[in-house]
Amino acid sequence: MAVPYNCFQLPNVHPQCHYFSSSSGFSTRASPVYACLRTSDPSLHLEAKVGSVLDSVKWDDKGLAVAIAQNVDTGAVLMQGFVNREALSMTISSRNATFYSRSRSTLWTKGETSMNFINVCDIFLDCDRDSIIYLGKPDGPTCHTGAETCYYTSVDEVINDPQVDGNKLALTTLYLLESTISKRKEISGKTDGKPSWTKQLLLDEKLLCSKIREEADELCRTLEENEDPSRAASEMADVLYHSMVLLSRKGVKFEDVLQVLRLRFAQSGIQEKSSRKS
């Protein structure tokens, strides 16, 4: 999916300064062309800060650390690899997830062959500073098999059913719901003589829209009538479910919604509303 990123896109730099940070609180403005730095010698200033970060990593006896790539919008763990000092430095400067190949003893950038780059928006170090997260937006499937991520074999399914094909993406609750709705959308038959509730909603837009309005009103009443917080959570779950059915009918992924929210972070709500087309 081709989308605009709220990250660095070289050689042009986004006018907003962005940060990479660590769990220790260290942060620095990151741009290889130093557009955000205002010092007499910005290149030396940035190089010193990056060097400090690289020095703080607890590299193993081979000079490596684990690096995990994670989707900035969905939270999905995309892949895991290893990085050395040079690979991490290159990722910081290029904003493309770069790793170190232990078998080939060389650097490699994810997407250099497939063109499915991982556009890094942020980089995190863990509390022990011996593992790294590349938080970014993938241009396409991450796994060499064509799967969205490299994690699609459920251990529970393998244990319970040795014949399982091992093709189940590791999905969090929200995306498992989206996947379930998508499967209901594809089913043409009926269950116990009638379509499932999700299928009924997908087939009847008036019913679907009326349910969204109804559930939204019930959510508002939990505030107006000072109902228990658990009631608000329950009503919000209903709003979310019915809204996701509508998104499925419209062919919109929830990831697209989260991306819109992310791109609004650097803009005030008033500015964002005034920029919308009437």
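Q: Which residues does Glu215 touch, leaving out those up to four places away in sequence?
A: Glu215 touches Glu235, Asp238, Val239 and His242. Keep in mind that this is a predicted model.

Q: Which helix is Glu215 in?
A: Glu215 sits in helix H6, which covers residues 205–224.

Q: Is Glu215 buried or exposed?
A: Buried. The relative accessible area of Glu215 is 5%, and buried means under 20%.

Q: OK, helices next. At what angle do H4 and H7 pack?
A: The angle is about 50°, and the axes of H4 and H7 are 10 Å apart. H4 is residues 173–186 and H7 is residues 229–250.

Q: Why give both an angle and a distance?
A: Because two packed helices are described by the angle between their axes and the distance between the axes.

Q: What do you call the arrangement of H4 and H7?
A: H4 and H7 are oblique to each other.

Q: Is the crossing left-handed or right-handed?
A: H4 passes H7 in a right-handed crossing.

Q: Which residues make the contact?
A: From H4, they are Leu174, Leu177, Glu178, Ile181 and Lys185. H7 brings Leu240, Tyr241, Met244, Val245, Ser248 and Arg249.

Q: How many of those are nonpolar, polar or charged?
A: In the contact of H4 with H7, seven residues are nonpolar, one is polar and three are charged.

Q: New topic. How many residues are in the largest nonpolar core?
A: It has 23 residues. Val83, Leu88, Phe99, Ile123, Ile132 and Tyr134 have the most contacts inside it.

Q: Which elements give two or more residues to that core?
A: Two are helices: H1 (42–56) and H2 (85–94). The strands are S3 (65–71), S4 (77–83), S7 (118–125) and S8 (131–138).

Q: What about a second core?
A: A second, separate core has 11 residues, including Leu201, Ile212, Leu247 and Phe254.

Q: Where is Thr172?
A: Thr172 is in the loop between helix H3 (155–160) and H4. With 45% relative accessibility, Thr172 counts as partly exposed.

Q: How far apart are Thr172 and Gly75?
A: In sequence, 97 residues. In space, Thr172 and Gly75 are 8.3 Å apart, C-alpha to C-alpha.

Q: Last one, the whole chain. How many helices and strands?
A: The protein chain has nine helices and eight strands. Of its 278 residues, 34% are buried.

Definitions and conventions:
Residues are numbered from 1 along each chain as its sequence is written. This is a predicted model: local features need pLDDT of at least 70, side-chain atom pairs count only at pLDDT 80 or more; totals for chains, interfaces and linings use all residues. Side-chain values use heavy atoms; hydrogens and water are left out. Axes are lines fitted to C-alpha atoms, for helices over the stretch in contact, and angles run from 0 to 180 degrees between N-to-C directions. Helices (H or I, at least four residues) and strands (E, at least two) are DSSP runs, numbered from the N terminus. Angles under 35 degrees count as roughly parallel, over 145 as roughly antiparallel, 65 to 115 as roughly perpendicular and the rest as oblique. A crossing is left-handed if the near helix is turned anticlockwise from the far one by less than a right angle, and right-handed if clockwise. Contact means heavy atoms within 4.5 Å. Ala, Val, Leu, Ile, Met, Phe, Trp, Tyr, Cys and Pro count as nonpolar, Asp, Glu, Lys and Arg as charged, and the others, Gly among them, as polar. Buried means under 20% relative accessible area, exposed over 50%, partly exposed in between (1.4 Å probe, protein chains only). A nonpolar core is a set of buried Ala, Val, Leu, Ile, Met, Phe, Trp, Tyr and Cys residues joined through side-chain atoms within 4.5 Å.
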